[in-house]
Amino acid sequence: VIDVNLPISGSINDPQFSVGGIIVKIIVNLIVKVITAPFAWLAGGGAEDLSAVAFQPGTATMAAGADAALDKVAKALQERPSLQMTVTGTADAAVEADAIRDAMLEQRLLTQQRNEALRRGSAASAPESVTPDERERLLRAVYRDTDLPDKPRNVIGFAKDIPPAEMEALLKKHMRISDDAARQLALQRGLAVRDALVAKGLASERMFLAAPKLHAPGQDDGAWSPRAQLSLAVK
């Protein structure tokens, strides 16, 4: 069912005037828009494109506003049971290198914190994130336990006590970011979107998770950003 609001004006005495031609042109344009930008169509034909879910660089945490966009996607798909969707997580090891290193360091600090809680026998109460008050102490512990070839040392060979910012820089310097690590990040992004939509009431059998995709610099003309890509198909 296509309901088109068509406000037009003109003289019906003009031999060039043709309502049928205008209607055909609008319907053709509408069909082209649905084919080329289906998620914009799902949003009601406006400028908003729901085909990409943004993520914070280096992480599988969705960016601000992504959850509200997924609400619209879930609602649109619930109203159209003949549609199914594929989610493709993406990542870029080069563009996101610094952010991935930041995330890797935070994970190491969190692991250090959990290991300390295990040794104390209080793992159940271990925090899920590193608190600002504990961060420097945990950083020093991780730095101390990490074998780095260029640690500053004193005259007798012991590692020098250096500022936290220098510790972070040295730790990150030796973190290697492989394509496998970036691919795993892309996979986690796809899973995060799929799980979020299932939590919003979409049936899991209507959603498919594609193989994670690595973006390469220069692969497209636009500025790339961390995302999961959505695509539609008819059952």
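Tyrosine 143 sits in helix H5, one of the DSSP runs (helices are H or I of at least four residues, strands E of at least two, numbered from the N terminus). This is a predicted model, where local features need pLDDT of at least 70 and side-chain atom pairs count only at pLDDT 80 or more, while totals for chains, interfaces and linings use all residues. Residues are numbered from 1 along each chain as its sequence is written, and side-chain values use heavy atoms, with hydrogens and water left out. Overall, the protein has 7 helices and 5 strands, running α-α-β-α-β-α-α-α-α-β-β-β along the sequence.

**Tyrosine 143**
- With a relative accessibility of 4%, tyrosine 143 counts as buried (under 20% relative accessible area; exposed is over 50% and partly exposed in between, using a 1.4 Å probe and protein chains only).
- Setting aside residues up to four places away in sequence, tyrosine 143 touches Leu148, Lys151, Pro152, Ile162, Met167, Leu170 and Leu171; contact means heavy atoms within 4.5 Å.
- Proline 164 is 21 residues from tyrosine 143 in sequence, and their C-alpha atoms are 9.4 Å apart.

**H5 against H6**
- Helix H5 (residues 132-145) packs on helix H6 (residues 164-173) at about 45°, with axes 10 Å apart; axes are lines fitted to C-alpha atoms, for helices over the stretch in contact, and angles run from 0 to 180 degrees between N-to-C directions.
- H5 and H6 are therefore oblique to each other (under 35 degrees is roughly parallel, over 145 roughly antiparallel, 65 to 115 roughly perpendicular, and the rest oblique).
- On the H5 side the contact uses Arg135, Glu136, Leu139, Arg140, Val142 and Tyr143, and on the H6 side Pro164, Met167, Glu168, Leu170 and Leu171.
- Sorted by class, that H5 and H6 contact has 7 nonpolar, no polar and 4 charged residues (Ala, Val, Leu, Ile, Met, Phe, Trp, Tyr, Cys and Pro are nonpolar, Asp, Glu, Lys and Arg charged, and the others, Gly among them, polar).

**H6 and its other partner**
- Met167, Glu168, Leu170, Leu171 and Lys172 are buried in H6, and the buried residues of H6 pack against helix H4 (97-120) as well as H5.
- H4 and H6 meet at an angle of about 110°, axes 10 Å apart, and that makes H4 roughly perpendicular to H6.
- Arg101, Asp102, Leu105 and Arg108 of H4 make this contact with Glu168, Leu171 and Lys172 of H6.
- The class tally for H4 with H6 is 2 nonpolar, no polar and 5 charged residues.

**Nonpolar cores**
- The largest nonpolar core has 18 residues, of which Val53, Val73, Met85, Val193, Leu197 and Leu230 touch the most other members; such a core is a set of buried Ala, Val, Leu, Ile, Met, Phe, Trp, Tyr and Cys residues joined through side-chain atoms within 4.5 Å.
- Helix H3 (66-78), E2, helix H7 (179-199) and strand E5 (227-234) each give two or more residues to this core, with the largest share, 5 residues, coming from H3.
- Apart from this core lies another of 14 residues, including Leu109, Tyr143, Ile162 and Leu170.
- Leaving out neighbours within four places in sequence, leucine 197 is in contact with Leu70, Val73, Ala74, Met85, Leu202 and Met207.

**Threonine 88**
- Threonine 88 belongs to strand E2 (residues 83-91) and is buried at 16% relative accessible area.
- Beyond neighbours within four places in sequence, threonine 88 contacts Ala210, Ala211, Lys213, Arg227, Ala228 and Gln229.
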